[in-house]
Amino acid sequence: MKAMDASQTVLKAEARGLNFFYGQAQALHGITLPIYDRCVTALIGPSGCGKTTYLRCLNRMHDLYPGNRYEGEVTLYPDRVNIVGPEVDPIEVRMRIGMVFQKPNPFPKSIYENVAYGLRIRDVSNRSELDAVVERALREAALWGEVKDRLQASALNISGGQQQRLCIARALATSPELLLFDEPTSALDPTATSRIEELVTELKQKVAIVIVTHNMQQAARVSDYTAFMYEGRVVEYDRTETIFTNPTVKLTEEYITGRFG
Amino acid sequence: MGVNVADMPVEKKDALSGVSPRLRFRLKERAIESLLQLAALTSVAITLGIVGILSYESFQFFSQISIIDFLTDRQWTPLFADAHYGILPLVTGTLVTTIVALLVAIPMGSLIAIYLSEYASRSVREFVKPALELLSAVPTVVYGYFALLFVTPALQQLWPGLPGFNMLSAGLVIGMMIVPYVSSVSEDAMRAVPTHLREGAFALGATRMQTALRVVFPSALSGITAAYVLGVSRAIGETMVVAIAAGMQPTLTLNPLEPAATMTAYIVQVSLGDVPHGSVAYQTIFATGLMLLLLTLLFNIAGHVLKKRYRQVY
């Protein structure tokens, strides 16, 4: 792994020697990976390589299911808390780190209530405060113009691409420090996909982003750094243009050029 | 049909030999289909038959007793010399026991469903669920005696003036009896809520309770409504418990601490007695039965409307 040009980049999180186990089965082997603030880090690799597993470690999603176990550490900056440490409450972690899923998963509620949900569970009930945050989040997710006249309509009645942007707004409403995207465009058509990609590029000005993608062009388009993973390990990590134009490891080159995966 | 016989597998000779094998399969299919259709039609026919008999006998009844009296008279004494035919006391009896039962079954059934679906580990669920379902295998007559001989004496410790027969203990026991129906159907509905909705809530920092109450429960509301309607129907139709524990005197009261007869209890009472066939007293049970049917139907329609209204496409 090459030394990073750290002149303008600030670490937001860093995995060091992270192992993860689904019961007895080890899914991640000694992941060491920095995540820079105000940058997009893409995780690429063939199915089953552990990229989603790693992503879900970052907001302790694995804690929802019994038998899962972490080893090693993921440090979240600036307060240097080890977010996979057993003493850390997963809910505290999820309050700081948002996530957008593969399939748009709006709640069967109104558009407004979807965005307000994160605040409601934090016991915010002041109407004007909610209104302000809902509008801010929907604007940031480039959805405000399309839905401002029907905030009370069901979130299930808008298109798939709009639903995914709604889910992004929902995650943004609570101002996360780090935003995780798990193949956010795999269920969307090309137009909706390019809108999400534009959005990711805009959002990185405010927040650190990690995106899992199967789409190599997408990784090349939106990310600043790319990690190529294979069989639960990080094979290569570098600036995105380096990974795509001049990879050091042969396996990376073979994957990027489509020879396997 | 252009079937090339040479291509067909060789068939054994039997009664239908000579008929093309393809045609034979079709005949067999047709026969099976007719049989299944017959089975389905039988249940429809039985329902229609019941409704027909209820309506016919009720018609006889209403040709002698005015429907206005039936719906407005405050007394139900068809077996007395001074006969009154006001259904209201039986309707209130049924409503009071049903409401008491639902006050037990809906909160308890919902809480159990939330626990089993959102909290319980697999091993706990696999133990608790069959145990709960066993509850619904207990004969209702046992519940009736449980109400009369255990729940009522226990309640009398609290209210010394409580009569030996009362709607409260009957209602409470019916409630316990229908908890498994409510919890089991609600739990199925909640578990059918896709994982990605739950994870969406958790990812925002929601606790299990917040996820269960604010996301899973509302998403499953359509199925949960169905569970409640099933519970209501069971409670309205329940017979043994009220016949044994609630008393048999039709009384127009909304006070659950009093004894009263429900529609079902009255039907049992008269069916078992020696009322002459064809008399007005005999026909009262059909009129009551029809009323019971209409009431249950009403709740089912209401439930259906609610269910449709809350239907979610995830």
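The C-alpha radius of gyration of chain B is 26 Å, whereas a compact globule of 314 residues would have one near 20 Å; the globule rule is 2.2 Å times the number of residues to the power 0.38, and the radius is taken over C-alpha atoms. The structure is a predicted model, in which local features need pLDDT of at least 70, side-chain atom pairs count only at pLDDT 80 or more, and totals for chains, interfaces and linings use all residues. Residues are numbered from 1 along each chain as its sequence is written, while chains are lettered from A and ligands numbered from 1 in the order in which they are written.

Along its principal axes, the C-alpha trace of chain B spans about 85 × 65 × 35 Å. Chain B contains 12 helices and zero strands; helices (H or I, at least four residues) and strands (E, at least two) are DSSP runs, numbered from the N terminus. Of the 314 residues in chain B, 37% are buried. A residue is termed buried if 20 or more other C-beta atoms lie within 10 Å of its own, exposed if 12 or fewer, and partly exposed in between, with C-beta atoms placed from the backbone. Among the contacts in chain B with a separation of 6 or more, 72% are between residues 24 or more positions apart; a contact requires the C-beta atoms of two residues, placed from the backbone, to lie within 7 Å.

Helix α3 of chain B covers residues 88–119. Its 32 residues should span 46 Å at 1.5 Å a residue, and the distance of 44 Å between its end C-alpha atoms agrees with this; the expected span is 1.5 Å times one less than the number of residues. A kink of about 25° in α3(B) is centred on B:Leu102, the bend at a residue being the angle between axes fitted to the seven residues ending there and the seven starting there.

The contact between the chains takes 20 residues from chain A and 17 residues from chain B. On the side of chain B that touches chain A, the elements giving two or more residues are α7 (195–203) and α8 (208–219) of chain B. The largest share of this side, six residues, comes from α7(B). By class, the side of chain B that touches chain A has eight nonpolar, eight polar and one charged residues; Ala, Val, Leu, Ile, Met, Phe, Trp, Tyr, Cys and Pro count as nonpolar, Asp, Glu, Lys and Arg as charged, and the others, Gly among them, as polar.

A:Met99 belongs to strand β6 (residues 97–100) of chain A. A:Met99 counts as buried because it has 25 C-beta neighbours inside 10 Å. Leaving aside residues up to four places away in sequence, A:Met99 touches A:Asn59, A:Ala171, A:Leu180, A:Asp182 and B:Ala203. A:Met99 and A:Asp182 lie 83 residues apart in sequence, with a C-alpha to C-alpha distance of 7.6 Å.

In chain A, four strands form an open antiparallel sheet in the order β2-β1-β4-β5; two strands pair if DSSP finds at least two bridges between them. The edge strands, each of which pairs on one side only, are β2 (25–36) and β5 (81–82) of chain A. Strand β1 (residues 11–22) of chain A is joined to β2(A) by eight bridges in the antiparallel sense, and A:Glu14 stands opposite A:Pro34 in β2(A).

Strand β9 (residues 225–230) of chain A is largely enclosed by the rest of the structure, because six of its six residues are buried. The buried residues are A:Tyr225, A:Ala227 and A:Met229 on one side and A:Thr226, A:Phe228 and A:Tyr230 on the other, so that both faces of β9(A) are covered. β3(A) and β9(A) run parallel and are joined by four bridges, with A:Ile44 opposite A:Phe228 in β9(A). Strand β10 (residues 233–239) of chain A pairs with β9(A) over six bridges in the antiparallel sense, and A:Tyr225 stands opposite A:Arg239 in β10(A). Two residues separate β9(A) and β10(A) in a hairpin, where A:Glu231 in the turn has a positive phi of about 50°.

Particular backbone geometry also occurs in loops of chain A. The peptide bond from A:Tyr77 to A:Pro78 is cis, with omega near 10°, and A:Pro78 is placed in the loop between β4 (68–76) and β5 of chain A. A:Arg38, in the loop between β2 and β3 (40–44) of chain A, is a residue other than glycine with a positive phi, near 55°.
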